[in-house]
Amino acid sequence: MTIKNVHDHGQRHRPRVACLKKVEALMLEMQDPTSGVKSQTQRLVITTIPHALTGEDVAAWIAKRFNVEISEACAIGTMMVAFGFIYPLRDHKRLLLKPDASLYRFQTPYFWPVQQWPVEDTDYAIYLAKRNIRKKGVLDLYEQEQYNNLHKWLNHKWDFIVMQAKEQYRAGKERKKPDRVVFDCQERAYWVVHRPPPGTVSAMDLGLLRLVDPNQKETKTPDFFRRIIIFTEQCIMRPRVKSSVSLGAIVKYMTTFKSHDPFFAPVLPSNPWLTDDATYWDINMPYVDHPTRMRVERWTFSFGELLSDPLGRDGFRLFLKKEFSSENLAFWEACEDVKWGTAATIHEKAQQIYKTFLARGAPRWINIDGKTMEVTVRGLKHPHRFVLDAAQTHIYMLMKKDKYGRYIKSPVYKDIQTKAIDPGPHNFSPSQLEQNARKRRPSLSPIIVRQLEEEQKAKLAASGPVDMTQLCRFTAPVPHLAVYSGLCETQSTASPCFAALPNSAACPSPISVAIDSTPASERRFDMHSGTTSHFPSIAESIETSVGGAGEEESPTPVARPRMTLSLSRLLRRGCNASSVFASLSPKCSVAAGSGRVQPLGTEPQPHTQHRRLANFFQIKVDIPPECRIYPIDSEDEEESPGSARGAVKEIICPWESITK
């Protein structure tokens with residue numbers, strides 16, 4: 001059984017054959033004895049090579065034939081070398097045309113790609129076995145690897161392959177030495193084109209396979225005419241604009257992107273496809289420490305350009321965190337993940353987006369209108385890739401109209417623009433270009449690239465400011481909404497066996513915890529008692545209400561308005577109220593009324609008080625006591641002498657009214 005190369009299937013359907021026919025006609029003109037390229041016999045080491053050409057003569061003939069510049073003629077000649085119509089005699093691995101004294105030769109028509117010979121693995125194995133016999137086991141590294149793989153795959157017919165290789169080697173030794181050298185060069189050039197070394201771009205790569213012949217005439221069936229009618233109707237309904245308007249838009253686009261187009265402006269520091277220098281790709285990686293000036297400049301062209309660049313989104317996210325609206329960009333990115341992610345995770349991701357951004361009381365609730373919310377929530381019952389398009393478009397326009405213009409004028413963008421680098425051009429000599437080609441290596445695996453991107457994302461996230469609208473890092477579970485009734489029992493959050501030092505990773509400073517916490521309007525704490533309140537589950541609420549039925553109820557204090565201290569007020573007050581600041585950290589136990597952090601190894605005394613809720617049905621956030629962080633009460637309540645001790649504070653959603 002012969003194992004064929006799967007890339008050859010369907011080659012006759014390729015439109016590239018028309019291109020190869022044109023190159024074949026050009027080759028016939030170049031080989032004309034009177035008007036073609038002048039050839040002469042050249043001496044290569046100790047062997048005489050007949051009908052050899054120089055790259056300078058080939059480039060000059062093409063430039064004269066098509067009336068183009070030498071650089072354009074070199075590009076056409078390089079295409080002919082890559083297709084295998086011309087092959088180099090010295091540097092056979094570099095399939096390009098050098099406009100100098102480098103020696104080339106016309107390939108024999110038998111090996112032209114227009115012949116469409118099937119490139120089979122059996123023929124390649126015979127060629128490698130013959131080279132192995134001639135070189136006495138010394139092959140190139142990639143050829144040795146291919147030889148071993150073919151020996152493993154074609155083991156059932158390896159005896160036939162070795163026999164054919166020996167017969168061809170014996171027949172080649174009977175030829176004259178110049179003819180033998182020429183045939184070896186022709187065969188080697190053929191396999192370099194169809195089995196290129198690693199890191200070399202193959203011009204014969206056919207891409208995806210076609211299942212139908214695009215050149216075949218379609219039968220005029222009723223379905224054919226029906227599709228023609230539908231296409232015509234769609235063309236008629238398509239909106240039209242004046243030619244002056246469309247031409248003005250094209251001129252504006254070209255004027256904007258002219259300096260960023262590699263066809264109109266030089267690529268800085270150098271074009272990697274021509275110089276084999278990977279500096280351009282290195283400085284334009286998705287995540288770098290300092291982007292280039294042209295890359296930062298593209299962010300000002302449009303909001304879409306900013307969001308299409310991962311590094312631009314990071315800078316915009318940094319600005320939104322300072323504006324306390326980073327949930328908008330997070331929602332947009334989550335929608336993109338659903339749209340372009342795998343189909344198996346669409347349902348799970350959609351539900352997570354709903355819980356995080358759209359549900360009532362969500363930790364990162366976004367502001368969209370009621371109609372869009374209704375359409376989105378209705379579509380989430382049967383999620384698909386585009387179920388969040390309406391909400392995503394609304395948030396996109398909101399960021400574009402409000403935040404984008406302010407970001408371009410903000411110090412965040414100005415700082416990135418100041419630190420941007422402006423690489424100068426790299427001018428390589430011919431010897432340096434050859435050295436770069438020898439150093440050429442295959443690109444990194446997509447898995448490694450993805451890992452590097454994730455590491456860079458984590459590094460940037462750790463170095464950026466903290467988003468005060470997100471849940472605290474100490475809050476392990478995501479809070480869920482529940483309805484509680486009856487009595488609430490206050491419990492201590494201190495862990496008697498937990499040893500922690502102040503202002504350490506285990507026991508962070510109060511200011512860092514305050515910055516990392518959730519919005520302060522969702523948390524309360526008891527200032528006078530050193531314990532924190534805990535909202536029990538529904539079962540615990542029932543047991544507490546039954547156990548405390550006979551106890552005397554304490555008078556309910558009059559509800560007074562509360563407001564949370566802003567960060568500026570927090571810093572103005574300083575750290576003298578040690579009991580207040582120490583209670584901010586859930587892992588630092590505070591003694592009741594002591595105003596100091598509890599010493600290590602000391603067990604705090606539990607203090608239990610019962611208090612009935614003001615309303616029977618109220619929405620609470622059920623968070624474990626060891627993960628909760630409480631904000632600082634307002635100054636007017638600290639000074640109020642009539643404040644009730646041990647009173648449980650309710651967490652009311654923004655759309656609910658507080659029942660007095």
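User: How many residues does the largest nonpolar core have, and which of them have the most contacts inside it?

Analyst: A nonpolar core is a set of buried nonpolar residues joined through side-chain atoms within 4.5 Å. In this predicted model, the largest such core has 37 residues. Those with the most contacts inside this core are F316, F331, F357, L358, M399 and Y407.

User: Which helices each supply at least two residues of this core?

Analyst: They are α13 (303-308), α14 (310-322), α15 (326-340), α16 (346-358), α18 (389-408) and α19 (411-419). The largest share, 7 residues, comes from α15.

User: What is F316 in contact with, leaving aside neighbours within four places in sequence?

Analyst: F316 contacts F303, L306, L307, L329, M399, K403, Y404 and Y407. There is also a second, separate core, with 29 residues, V23, I62, I86 and V193 among them.

User: How do the axes of α14 and α15 cross, and which residues meet there?

Analyst: The angle is taken between N-to-C directions. Here the two axes come within 7 Å and cross at roughly 145°. From α14, R313, F316, R317, L320 and K321 meet S326, L329, W332 and E333 of α15. By class, this contact has 4 nonpolar, 1 polar and 4 charged residues.

User: Where does Q107 lie, and is Q107 buried or exposed?

Analyst: Q107 lies in the loop between β4 (103-106) and α4 (121-134). The cut-off for buried is under 20% relative accessible area. Q107 has 2%, so this residue counts as buried. Beyond four places away in sequence, Q107 touches Q31, G84, F85, I86, Y87, W112, Q186, A189 and Y190. One of these, I86, is included in the second core.

Terms used
Residues numbered from 1 in each chain as written. Predicted model: local features only at pLDDT ≥ 70, side-chain atom pairs only at ≥ 80, totals over all residues. Heavy atoms only, no water. Helix = DSSP H or I, 4+ residues; strand = E, 2+ residues; numbered from the N terminus. Buried < 20%, exposed > 50% of the residue type's maximum accessible area, 1.4 Å probe, protein only. Contact = heavy atoms within 4.5 Å. Axes fitted to C-alpha atoms, helices over the stretch in contact; angles between N-to-C directions. Nonpolar A, V, L, I, M, F, W, Y, C, P; charged D, E, K, R; others polar.
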